[in-house]
Amino acid sequence: MVKVLIADNHPITRKGLEVLFSASSNIKIVGSVDNGEAVMEFIKNNPVDILLTEADLPKLNGLTILRYLKKDYPDVKTLIFSGEPEEVYAINAIKAGANGYLHKSVNVITINEAILKVAEGGIYLSNELTQQLAFGSRANKSGSFYKKLSTREAEVLKLLTIGKKNKEISKELDINEKTVSTYKARLMRKLKVTNLVDLVNQAKLKESLL
């Protein structure tokens with residue numbers, strides 16, 4: 001049995017996944033938590049094969065958790081299960097150490113296939129994104145922009161768009177505030193804006209175009 005820990009701040013999503021896999025013969029939901037700190041606490045005290053997690057979690061976001069797991073629990077595989085556009089975040093999630101990326105619009109059969117593929121040591125991405133990567137193409141210029149961001153730049157941008165301050169970002173990503181400012185300056189340059197409001201608005205606009 002593949003032991004899966006669910007991490008999502010929406011109780012309906014967590015409960016729905018638990019019900020879906022309650023009768024599974026090869027996947028067992030061993031826990032369900034609603035924030036990043038609870039993820040680390042659970043894994044510290046319980047055997048987990050796969051973490052099925054939302055990218056945007058309270059306290060510690062999904063990409064931050066990936067770094068901790070890579071360092072302290074390398075045997076735990078991570079599958080990002082998010083409503084965010086795959087075109088925008090999947091590649092950076094894989095770069096950060098995720099073993100796969102699932103959009104929340106997929107059906108239960110796809111979730112099951114993804115979990116088993118990751119459990120066997122594979123990487124799960126949608127057929128569409130896999131083909132785009134194989135042929136080096138992108139759906140549009142917005143996708144190309146996100147592809148050019150480093151994993152850390154994508155993390156900083158994501159935290160800025162949800163309203164995090166420099167001090168909060170530095171604490172969550174375990175970097176100093178000066179480094180956060182450096183990343184912010186780089187992002188402004190790449191997005192061709194001169195202030196934080198325009199940076200956030202441009203980032204959200206590019207997401208909405210996907």
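A: In this predicted model, helices α4 and α8 are oblique to each other, because their axes cross at roughly 120°, and an angle between 115 and 145 degrees falls in neither the roughly perpendicular nor the roughly antiparallel class. Helix α4 comprises residues 86–96 and helix α8 residues 151–161, and their axes come within 9 Å. The crossing of α4 and α8 is left-handed. On the side of α4, the contact is made by Y89, N92, K95 and A96, while α8 contributes T151, A154 and K158. Sorted by class, the residues of this contact comprise three nonpolar, two polar and two charged.

Helix α4 itself deserves attention. Nine of its eleven residues are buried, and the helix is thus described as mostly covered. The buried residues are E86, E87, V88, Y89, A90, I91, N92, A93 and A96. Among the residues through which α4 meets α8 are Y89, N92 and A96, and these three also belong to the buried set of α4. After α4 comes G97, a residue with a positive phi near 120°.

The residues in the contact of α9 with α10 divide into two nonpolar, three polar and three charged.

The loop between α9 (166–173) and α10 (177–191) contains D174. This residue is not a glycine, yet its phi is positive, near 60°. D174 counts as exposed because its relative accessible area is 65%, and the exposed class begins over 50%.

Another residue with such a backbone angle is K59, which is not a glycine either and has a positive phi of about 75°. K59 is situated in the loop that joins β3 (50–53) to α3 (62–72). With a relative accessible area of 51%, K59 is exposed, because the value lies over the cut-off of 50%.

When residues up to four places away in sequence are not counted, E37 touches K59 and L60. E37 belongs to helix α2, which covers residues 36–45. Its relative accessibility of 46% makes E37 partly exposed, because this value lies between the limits of 20% and 50%. In space, the C-alpha atoms of E37 and P58 are 8.3 Å apart, although the two residues are separated by 21 residues in sequence.

T78 presents a buried position. This residue lies in strand β4, which runs over residues 77–82. Its relative accessible area is 2%, so T78 is buried, the limit for that class being under 20%. Leaving aside neighbours within four places in sequence, T78 is in contact with L51, T53, L66, L69, A98, N99 and G100.

The chain contains eleven helices and five strands. Of its 210 residues, 49% count as buried. Among the contacts with a separation of 6 or more, 64% join residues 24 or more positions apart.

Finally, the confidence of the prediction should be considered. The average pLDDT of the chain is 84, and 88% of the residues score at least 70. Confidence is highest in strand β1 (residues 2–7), at 97, and lowest in helix α7 (residues 141–148), at a mean of 56. Over residues 137–142 pLDDT stays under 50, and for this stretch the model has 16 contacts beyond four places in sequence. Where pLDDT is low, predicted coordinates should not be read in detail.

How values were computed. Residues are numbered from 1 along each chain as its sequence is written. This is a predicted model: local features need pLDDT of at least 70, side-chain atom pairs count only at pLDDT 80 or more; totals for chains, interfaces and linings use all residues. Side-chain values use heavy atoms; hydrogens and water are left out. Helices (H or I, at least four residues) and strands (E, at least two) are DSSP runs, numbered from the N terminus. Buried means under 20% relative accessible area, exposed over 50%, partly exposed in between (1.4 Å probe, protein chains only). Axes are lines fitted to C-alpha atoms, for helices over the stretch in contact, and angles run from 0 to 180 degrees between N-to-C directions. Angles under 35 degrees count as roughly parallel, over 145 as roughly antiparallel, 65 to 115 as roughly perpendicular and the rest as oblique. A crossing is left-handed if the near helix is turned anticlockwise from the far one by less than a right angle, and right-handed if clockwise. Contact means heavy atoms within 4.5 Å. Ala, Val, Leu, Ile, Met, Phe, Trp, Tyr, Cys and Pro count as nonpolar, Asp, Glu, Lys and Arg as charged, and the others, Gly among them, as polar. pLDDT is the predictor's confidence in each residue, from 0 to 100.
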